[in-house]
Amino acid sequence: MRGMNIENKILAGFAVTALMLGGMGWLSYRATSNFIEAQAWVTHTQEVISQLETALATMTETDTEQRGYLLTGDPKFLDQRRAAAQGLPAQLQKIQQLTADNPTQQEALKRLDALERQALSLMDDRITMFQKSGLPAALAKEPMEKTEAAMNDVRAQTGLMRSTEEKLLVQRGEAARDTGQQTEAAIIAGSLVAVVIGWMTVFLGRRDLRLRTLAEAKLHQNEERFQLMIAAIKDYAIILLDPRGNVASWNEGSRRIKGYADAEIMGQHFSKFYPPEAVEAGLPGRLLAEAAEKGHFEDTGWRVRKDGSRLWAHVVATAVTNPEGKLLGFVKVTQDLTERRRAEEVQEERDRYFELSRDMICVLGFDGYLKTVNPAWKWALGFSYEELLGRPFIEFVHPDDRKATLAETEKLMNGGETIYFENRYYCKDGSWRWFAWSARAVIPQKVIYGTARDITERKLALEKIEQLNTDLRRYTRQLEEANKELEAFSYSVSHDLRAPLRHIDGFVKMLARQAEGKLDDRGRRYLDVIADSARKMGALIDDLLVFSRMSRAELRCSKVSTDSLVHEAVDGLQNEVNGRDIQWNIAALPEVEADPTMLQQVWVNLISNAVKYTRPRKPAEIEIGCAESGNGEYVFFVHDNGVGFDMQYAHKLFSVFQRLHREEEFEGTGIGLANVSRIVHRHGGRVWAEGKPDAGATFYFSLPKKPTEKTETKE
């Protein structure tokens, strides 16, 4: 009877009209009931899927809040995670109630419950690690990988249960459609029969139509709720692909992560999300083929955003098929792991620096024990890790430094900061080494992060330098005292020698007058030699007195015209230049801050030397000039074309009694240039000379543009 339509029933004859009316009524009622029941199962399956997605979203939220707390240390993330975790038992209980008719799903739910408990426990362990040992321990590779693996197991188990429900949804949907078709047939048959019993057919048809409308509205509402839930997920890119891999739909998280607008990506192949080298290698196609063959695929690697930037992503794709196994498309879920990868790389760099640093790095607890140290501690002190971490750190500090070290530690615990602090640490070989510390405390975690540099060698060098400076000051005082005694002796000797020389000179003159006409040529020559020697000795004594006076006299600096001093010196040498052919080339000279009397002596000595040593030249050339150096000083020079000198003896020129020419050739006492050197050095300048034998010489001296010696300055 269920296979008969209304036309066949009419042809069967009115003889069975009453029976047909009853049968058609019963069939209509049964078909409608089956349709309502089928729709109810569709709604039931959708609700199971919705609850599974809600539970997965809650687990994802707990994971996200846990990561937020580990990265920032903000307690509000713990509160939000705790609130999310508290809702999980009710959600799983709801799923248990909904799947009570499905033993397979009940067993799968038990596995899901165990996996979620395991994942939550691993998250709690990482939070405890962070609270006890800080971020490096919480971000260690092993606990991070265990937590991620547990979350992946939760996602996979949820995906299996969801896949089972989606298959049931397809089956129940088709059953609903079949039932709907049967209902429509019953309604049509009832309508035909309604010619006879119209009031019954109309009543049943309207009732069936109303039930169908309600079922469709319920289904539409569930579909909208599911779409809103997917769209609200922003941390994951959820993309629906058609069987060829083209984008059919995606959520808000996809727009945020990938950067495309809907109009730019819909209908495009998902390989646009892969870098060129992956596309050339055929990776997108292989992944889709694997998903179609095995039901899903997972992959972690680089992906590309619209702007060309790359992200490190974990991708899970699941094939979607109908009950007959026909491929309908793929659901692809992408998680952006770029920040986590970047954090891991930063942590790796920190760990590498920690291991390779030659400076000592440590974490000290407020309890006085070292929590961790880098290898530099072992290199510097010679102790093992167990020895360093097993004793209070203060036991390694020199007894004389412990009080200051504990005070510095107390300052850090109270929120202060150590920029530079020195103390000594005991080494396993019995020696002590100096270290310079910088440190800062993290009070909530009750730890101090510190770095130290070994300054033992520098300390020893400073001690040696200090000892050398002490010795140098002592030697300087001794030298100054010796110089003072030497100058006093020279001054005294010079004065004491004047009286005998005057006697010698006077008696030689008296003897020459009394013995005039009685002495032969030899006798007169002897008297001349004695008189000449006395005069030379007098000149030498005069030069020594000047030399001594220049050492003791106080510098009285003022603005001095070097032009005037040079011309006065030249004018004072007129007796020596009379009758000689000398070409003078005197440039414009600057004013300087100097003692005019002493500077006059410098110019007289240098110019008289140039006049003396150009005596064999006709014409003689003497040039006087000045130039500015780059280090803030004037450089004066006197150049001549005289007999010159050999540069290998240049170091003797400015020493007392040192002469490079015989007295028979050029007169002199050997003190003039030494006097020049002393005067220039007292003014903070330098003296030097250049020359060649028979090619002339140039004498230089420099004076600072600003005086360097503290002197009384004339107004």
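Tutor: What follows goes from the confidence of the model to its cores, a helix, some single residues and the backbone.

Student: What kind of model is this, and how are residues numbered?

Tutor: This is a predicted model, in which local features need pLDDT of at least 70, side-chain atom pairs count only at pLDDT 80 or more, and totals for chains, interfaces and linings use all residues. Residues are numbered from 1 along each chain as its sequence is written, and side-chain values use heavy atoms, with hydrogens and water left out.

Student: What is the average pLDDT of the protein, and where does it stay under 50?

Tutor: pLDDT is the predictor's confidence in each residue, from 0 to 100. The protein averages 77, and 74% of the residues score at least 70. Residues 1-14 have a pLDDT below 50, and beyond near neighbours in sequence this stretch has 15 contacts in the model (heavy atoms within 4.5 Å). Over residues 709-715 pLDDT also stays under 50, and there the model has 14 contacts beyond four places in sequence.

Student: How many helices and strands does the protein have?

Tutor: Helices (H or I, at least four residues) and strands (E, at least two) are DSSP runs, numbered from the N terminus. The protein has 21 helices and 17 strands. Among contacts between residues at least 6 apart in sequence, 60% join residues at least 24 apart.

Student: What share of the residues is buried, and which residues touch the most other members of the largest nonpolar core?

Tutor: In soluble globular proteins, nonpolar side chains tend to be buried together. Buried means under 20% relative accessible area, exposed over 50%, and partly exposed in between, with a 1.4 Å probe and protein chains only. By that rule 40% of the 715 residues count as buried. A nonpolar core is a set of buried Ala, Val, Leu, Ile, Met, Phe, Trp, Tyr and Cys residues joined through side-chain atoms within 4.5 Å. The largest one has 36 residues, of which Leu599, Trp603, Ile607 and Phe701 touch the most other members. Among the elements that give two or more residues to this core are helix H18 (562-571), helix H20 (596-613), strand S15 (633-640) and strand S17 (697-704). The most comes from H20, with 8 residues. A second, separate core of 25 residues includes Cys362, Leu388, Cys427 and Ala452.

Student: Which residues does Phe701 contact?

Tutor: Leaving aside neighbours within four places in sequence, the contacts of Phe701 include Leu599, Val602, Trp603 and Leu606, as well as Tyr634, Val635 and Phe636.

Student: Which residues does Val638 touch, and is Val638 buried or exposed?

Tutor: Val638 lies in strand S15 and is buried, at 2% relative accessibility. Not counting residues up to four places away in sequence, Val638 touches, among others, Trp603, Leu606, Ala610 and Phe699. Val638 and Ile607 are 31 residues apart in sequence, yet 7.1 Å apart in space, C-alpha to C-alpha.

Student: Is Glu633 buried or exposed, and with which side chains does Glu633 make polar contacts?

Tutor: A polar contact is a pair of N or O atoms within 3.5 Å; within protein, one must be able to donate a hydrogen and the other to accept it, and residues adjacent in sequence count only if both atoms are side-chain atoms. Glu633 lies in strand S15 and is buried, with a relative accessible area of 7%. The side chain of Glu633 makes polar contacts with the side chains of Arg686, at 2.5 Å, and Ser702, at 3.3 Å.

Student: Which residues of helix H15 are buried, and against what do they pack?

Tutor: An α-helix has 3.6 residues a turn, so residues three or four places apart point the same way. The buried residues of H15 are Thr405, Glu408, Thr409 and Leu412. They cover an arc of only 100° around the axis (taken from the directions from the helix axis to the C-beta atoms), so they are on the same side of H15. These buried residues pack against strands S6 (360-365), S8 (417-426), S9 (432-442) and S10 (447-454).

Student: Which residues other than glycine have a positive phi, and where is the cis peptide bond?

Tutor: Lys446, in the loop between S9 and S10, has a phi near 55° and is exposed, with a relative accessible area of 55%. Asp694, in the loop between S16 and S17, has a positive phi of about 60° and is exposed at 61% relative accessibility. The cis peptide bond joins Lys618 and Pro619, with omega about 0°; Pro619 is in the loop between H20 and S14.
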